[in-house]
Amino acid sequence: MTDEKTGYPLQQPYPPVNPGYPTGDAAYPPQPQPYGGAPPPYYHPPPQGGPEGQPLQTVGVAPQQPGQTVIIRQTQVQPNDYLGFAIFVTICCCLPFGIVGIVKASEVRSRFSAGDYQGAEESSRSAKNWSCAGLVTGLILIGSFFVFYVLLYVIILGAALSSY
């Protein structure tokens with residue numbers, strides 16, 4: 001068979017896997033067990049008794065089935081860290097309050113990953129409060145500078161016009 005457009009012979013997209021070799025279970029015959037199924041010579045069984053032949057005691061150990069795996073999941077959700085808000089406040093409004101907000105926001109993640117959920121919530125509230133305080137302070141400062149410059153412009157313009 002040839003390709004109609006190019007005239008070249010068609011090729012298989014993938015070569016056959018392991019040509020000439022068996023597949024499935026026949027590809028992996030059972031292997032003989034070393035030492036006739038006995039444990040290897042370097043195997044040392046655990047001791048059967050305690051010091052001076054006394055029986056071993058296990059205290060507080062719950063029996064587990066072989067192959068049993070215990071998975072512990074956190075059901076708590078990480079509190080909001082307000083990192084974006086703190087960065088915005090740092091850049092646009094009030095640098096000192098924003099920096100404190102960033103520090104508190106980074107504490108949220110570290111405390112939550114350490115398992116201190118109450119501390120993470122406290123740091124989250126603190127980051128939000130510092131960022132809000134920085135936003136309000138920045139808006140007040142920007143507004144007061146705006147009013148100051150408008151009044152200064154009016155006074156200077158009034159003085160310049162009255163001198164004519």
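A: Helices are DSSP runs of H or I with at least four residues, strands are runs of E with at least two, and both are numbered from the N terminus. The model is predicted, so local features need pLDDT of at least 70 and side-chain atom pairs count only at pLDDT 80 or more, while totals for chains, interfaces and linings use all residues. Residues are numbered from 1 along each chain as its sequence is written, and side-chain values use heavy atoms, leaving out hydrogens and water.

Ser123 belongs to helix H3. With a relative accessible area of 2%, Ser123 is buried (under 20%; exposed is over 50% and partly exposed lies in between, for a 1.4 Å probe and protein chains only). Leaving aside residues up to four places away in sequence, Ser123 touches Lys104, Glu107, Val108 and Arg111, where contact means heavy atoms within 4.5 Å. With Glu107 there is a polar contact between the two side chains, at 3.2 Å; such a contact is a pair of N or O atoms within 3.5 Å, and within protein one must be able to donate a hydrogen and the other to accept it, residues adjacent in sequence counting only if both atoms are side-chain atoms.

Helix H3 (residues 117–162) also meets helix H1 (residues 83–92): their axes come within 9 Å and cross at roughly 25 degrees. Axes are lines fitted to C-alpha atoms, for helices over the stretch in contact, with angles from 0 to 180 degrees between N-to-C directions. From H1, Phe85, Ala86, Phe88, Val89 and Cys92 make the contact, and from H3, Lys128, Ser131, Cys132, Gly134, Leu135 and Ile142.
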